[in-house]
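Please examine the sequence and the model shown here before reading on. The paragraphs that follow lead through selected parts of the structure in turn.

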Amino acid sequence: MPLVFSTGPADLAVELELKTGSLTGLYGPSGSGKTTLLRILAGLTTPTDGFIRHQDQLWLDTTHQVVLPVQQRPVGMVFQDAALFPNMTVRENVQFATGKRRDGLVDELLELVNLGALANRKPDSLSGGQRQRVALIRALARRPQVLLLDEPFSALDEETREQLLTELIRLHRQFGTTTILVSHQREELSRVADRLIKVENGRIRERETGESLNTALVPVRFTGTIVRIEDQRAIVRLPEGGVMQIQLPLAASWKPGSSVTVVVSEPADQ
Amino acid sequence: MHLWMDLDWQPIWLTLRLALVTTTLLLLIGIPIASWLAYTRFRGKSILEAIISLPLVLPPSVLGFYFLLTFSPAHAVGQWLAMYLDVHLLFTFQGLVVASLFYSLPFMVHPIQAGLENLSPSLREAAYTLGKSRSETLWRVLLPNIKPALLTGIVLSFAHTIGEFGLVLMIGGNLPGQTRVASIAIYDEVELLRYDTAHAYALLLLAISFGILLAVYSINKRWVTF
């Protein structure tokens, strides 16, 4: 279901529709407006003109003076500095989100990010990566429908970033949220996002979707029969039906009728 | 020395009582005001901030003089209070409390406001995204994380109230058990050439003030390591 909004303070003019359950990457130079966009979605900033609809819930409609307060939007947000409450332990931070319960939900949530052992520690004794994991699970504790992440991993080292990105994807799928991830690193986003959006000077510049993204490279083998050879190219018929054209190595001495095995690296979901 | 046994301790208790009541009320009034100033922007905000800060620069006798006029039953406000609420603020303990609230307000508001402003804004915003209201966020997230600032506000207000003189002189009336606080008593005793008694009161105030400061600095040190 679509999310649509436009314009905002400081000259941001955007129109966007996102698919439920998708993971969208927002990137762009500093000051381009990507964080502002996220904050408007969360309800932390209200634009002068705007419209946001999430499924059949109206979050923002400036022409009719409708502004749903941030507390009532089903969003979870992860901030760049994790924003864990220093006066509370890890467990208490998550419990703050879920409310006091006896059913072990908080422990369950902590286990999801492998932080059960750190439940009674205070945030300032955790590493940056651990803090962001707590922030992530705290944001998801109330099962929001939309998950917003504002450059959550930019202050971390490469290895930790990789780990956390993988965790994010896992949790995103597990909780089924519509996720928007802001980063200034396009390459990082292209690994995980279903869709990439570039924000520049308050405008959307490019949208990229689909096959080049979300890849896990998997080699695939075909075995087929060469039907015909033209120049350096061979037409290969595959046993399942269908033909494939392949470039032959110069030194090859293939003849029509010979069997050939082809190994191809291909995106996993094709 | 017989001095300590014969000493009339009433001014000391009165001073402490005044400081305690004033500080407690200031905490209840000051927190909402500080929070409002820290997080809201509105036209005329600087005017309000200037008004609140006036007691920092105004001679206490000026404040005292205007309270005298305002609370006097001969004038509008004092008259109204006497007629409708049977409240008399001149020459009473209650009057001292009310005057002290105005007089020490900036000493409570400023540290708390500064403390809140120095917190990372993402803390407050994170709490909002977790569905918490403004007041729940203030009491469960923000205030617990500015304990040193709260302590500063409490101590400064308390100390400032103990030190009141000019204000009390104007609207107090020097009534024993009611408005004859220690600072007035010292002045009084000196005027009567009873230096021993004056010295006793002065020393007591000094010891109390020093003791409070010492306690505060020690607690603060322990708190810095959360």
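The buried residues of helix α7 of chain B pack against α1 (34–42) and β5 (75–78) of chain A, together with α8 (134–142) of chain B. A residue is called buried if 20 or more other C-beta atoms lie within 10 Å of its own, exposed if 12 or fewer, and partly exposed in between, with the C-beta atoms placed from the backbone. Helices (H or I, at least four residues) and strands (E, at least two) are DSSP runs, numbered from the N terminus. The model is predicted: local features need pLDDT of at least 70 and side-chain atom pairs count only at pLDDT 80 or more, while totals for chains, interfaces and linings use all residues. Residues are numbered from 1 along each chain as its sequence is written, and chains are lettered from A and ligands numbered from 1 in the order in which they are written.

Helix α7(B) is mostly covered, with seven of its nine residues buried. These are L123(B), R124(B), E125(B), A126(B), A127(B), Y128(B) and T129(B). Just after α7(B), G131(B) takes a positive phi of about 85°.

The contact between the two chains takes 15 residues from chain B and 18 residues from chain A; two residues are in contact if their C-beta atoms, placed from the backbone, lie within 7 Å. On the side of chain B that touches chain A, the largest share, six residues, comes from helix α7 (residues 121–129). That side divides into seven nonpolar, six polar and two charged residues. Here Ala, Val, Leu, Ile, Met, Phe, Trp, Tyr, Cys and Pro count as nonpolar, Asp, Glu, Lys and Arg as charged, and the others, Gly among them, as polar.

Leaving aside neighbours within four places in sequence, A135(A) is in contact with V78(A), F79(A), A82(A), A83(A) and L84(A).

Finally, chain A may be viewed as a whole. Its secondary structure comes to six helices and 13 strands, and buried residues make up 35% of its 270 residues.
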